[in-house]
Amino acid sequence: MSSIDTTLQTLKLVSPEASCNTDLTKGPWLFDTGEAAYGPGSSQEDLAPIDTPRQGELPAVYREASDAELTARILAAKETLGERVVVLGHHYQRDEVVAFADFIGDSFQLANAAQTREQAEYIVFCGVHFMAETADVLSRSDQAVILPNLAAGCSMADMADESSVEECWEQLMDLYADQRTTDGKAAVIPVTYMNCSAALKAFVGKHGGIVCTSSNAATVLEWAFARGQRVLFFPDQHLGRNTAKAMGVPLEAMPMWNPRKALGGNDAQTLLDAQVILWHGFCSVHKRFTVAQIEKARAEHPGVRILAHPECPMPVVDAADEAGSTDYIQKAVAQAPAGSVFGIATEINMVNRLAAQHPEHTIFCLDPVICPCSTMYRIHPGYLAWVLEALVDGVVLNQITVPELVAADAKVALERMLAARP
Ligand code: 13P
Ligand code: SF4
C-alpha cells in the first residue's frame, strides 16, 4: 500500500510544462458530467463519439473522501465481500487502484482471468470499456462485470465503428468476388485487435475471423494466413504493420483503409495485391513516442535497452531493441540483471511503477512529458469504493452487459484468440 498516490504526487510536483494537462491533478469526476470527451491525458485531443458512455456524478462522500478514508472503505468492502468479488486491473491503472487489484495483467491475461475466476459473483474491472465487455463475454452469465467509471473507454477502439467496418467489408467482398475460395482459402480474414467494441468482435466471429492482443498478434496473423489470402486488420494500424512486417510482409502489400474514402482511399489493384489491409486507427498514448527520443536516450545512456509497446509507430519499434505487450515489458525488466538501464515507450503509470518496483535498475519513460492514458485515468479509488460498497449493500452499479446475440459471436472470436497462445 506504500505506493498509493505516487502518480498524483508526481503530477503535483512537476511543472505545468512537464505534464500534458494540469487537470491531471484533479479528480476524474470533474470531467464526468460535461460533454462526451476523453478527459485530460494522451487522447484529450481525440474526438469522442457523441454516444460514448457517460458516467453520472460520483456521490459527494466519495469525491470528498481523503485517500486514507477511501483506502479503508475499499479494504473493508473487499473484506466483507471476500471471494464473491475479484478486482482485475490493467498495468496502466494508477498505483492507488493497482494497490487493490487481485490480479494485474495485460489484455490477454485479463481476458483469461475473467474466464477462470469461477468463484467470483462480481468481476470489478479496473481497465477500459472493451476489456470489461470482453470479461462479460467470457465469464459465466451469472457473474456480473462492473466498470467503476463508465467513461473509461479507449479512443483507439472508438476509431473503428461497426457501420464503417461493415461498409469496408462489403466493398472488399465486391472486389474479391472472384477469389472467395482460391486454394481453399478465403479472400480475406478479418482480424480485430482486442481494443474494439464487442460488436466488432462479433463481426469477426461471424466472418471467420479472430481477435488478437499485442501479446499474440503474430500467432493470430499466422492463424489468419493459414485460412485466408489476406487480412483486414483493425483498428490499430501500428500493431498490424509492426507485426506483419516482422513476419516478412512487405510494406507495399499493407495499404491503409481510410473509412471516409471509397475503397478506403486505395485503387482496386492495390487492394487486390494487398496481404494486410490496415485500418486507419492508432493509440494517442503510443503515438507520442519518437525515434528522436530513442536517439537522445542512447546518447545519454550508453547501453540503454529500449522497450517499446507494439502500438508505437513502426520507426519507433524498428529503432527499439525489443517490442512487446505490457506483460512482455514487465517481464523483461524483472528478468534483467541488476544495474540495467531501460528506456520504455509505453504508458507513464506503468513505467513509473516499474521504476519504483525495480530500484536495482534505471528505468525511465522515453516521453519526457507526464501524460497518462486519459481513459485508464478515469478509474479512481473513489469509484472503486463506490461500486464495492454498493455490492456490499446488494446493489450492482455500472454493470457491463453485452447483448446475448452479440456475445455469442464475439465469444467465437475470443475463444480463437485464447487458443492462440502468446
Ligand atoms: P496490452 O495487451 O499490452 O496490455 O495492451 C493493452 C493496451 O490497451 C495498450 O494500449
Ligand atoms: Fe486505448 Fe491507447 Fe489507452 Fe490503450 S493506452 S486503452 S490503446 S487509448
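Me: What covers the buried residues of α12?
Reply: This is a predicted model. In it, the cover over the buried residues of α12 includes β10 (305-308), α13 (314-319) and β13 (362-365). Those buried residues are Q293, I294 and A297.

Me: What makes the buried residues of α12 line one face of the helix?
Reply: Their directions do. Seen down the axis of α12, the buried residues fall within an arc of 100°, so they line one face.

Me: Which exposed residues does the face of α12 turned away from the buried side carry?
Reply: That face carries A292, E295, K296 and A299. To be called exposed, a residue needs over 50% relative accessible area.

Me: Why is C283 called buried?
Reply: The relative accessible area of C283 is 10%. Buried means under 20%. C283 therefore counts as buried.

Me: Where is C283, and what is it in contact with beyond its neighbours within four places in sequence?
Reply: C283 sits in the loop between β9 (276-279) and α12. Leaving those neighbours aside, C283 is in contact with M156, D236 and E311. For a contact, heavy atoms must come within 4.5 Å.

Me: Why does C373 count as buried?
Reply: C373 has 11% relative accessibility. The cut-off is under 20%, so C373 is buried. Its place is in the loop between β13 and α16 (381-392). Neighbours within four places in sequence aside, C373 is in contact with V285 and E347.

Me: Which residues does the UniProt annotation "binding site" cover?
Reply: According to the unreviewed UniProt entry, the annotation covers C154, C283 and C373. They are spread over 220 residues of sequence, yet cluster in space.

Me: How do you know that they cluster?
Reply: By the largest C-alpha distance among them, which is 9.3 Å. The lining of the largest cavity also takes in C154, C283 and C373.

Me: What lines the largest pocket?
Reply: The largest pocket is lined by 17 residues. P49, D51, A157, D158 and S197 lie nearest its centre. Helix α6 (residues 129-138) gives the largest share of the lining, 3 residues. About 450 Å³ of space lies in this pocket.

Me: How many residues of each class are in that lining?
Reply: There are 8 nonpolar, 4 polar and 5 charged residues.

Notes: Residues are numbered from 1 along each chain as its sequence is written. Chains are lettered from A and ligands numbered from 1 in the order in which they are written. This is a predicted model: local features need pLDDT of at least 70, side-chain atom pairs count only at pLDDT 80 or more; totals for chains, interfaces and linings use all residues. Side-chain values use heavy atoms; hydrogens and water are left out. Buried means under 20% relative accessible area, exposed over 50%, partly exposed in between (1.4 Å probe, protein chains only). Helices (H or I, at least four residues) and strands (E, at least two) are DSSP runs, numbered from the N terminus. The arc is that of the directions from the helix axis to the C-beta atoms. UniProt positions are given in the numbering used here, feature names are shortened, and annotations may be inferred rather than shown by experiment. On a 1 Å grid over the protein atoms alone, a cavity is a set of points where a 1.4 Å probe fits but cannot get out, and a pocket is an open set with protein on both sides within 12 Å along at least five of seven lines; lining residues have an atom within 4 Å of a point. Grid points are joined across faces, edges and corners, and a volume is the space filled by probe spheres set on the points. Ala, Val, Leu, Ile, Met, Phe, Trp, Tyr, Cys and Pro count as nonpolar, Asp, Glu, Lys and Arg as charged, and the others, Gly among them, as polar.
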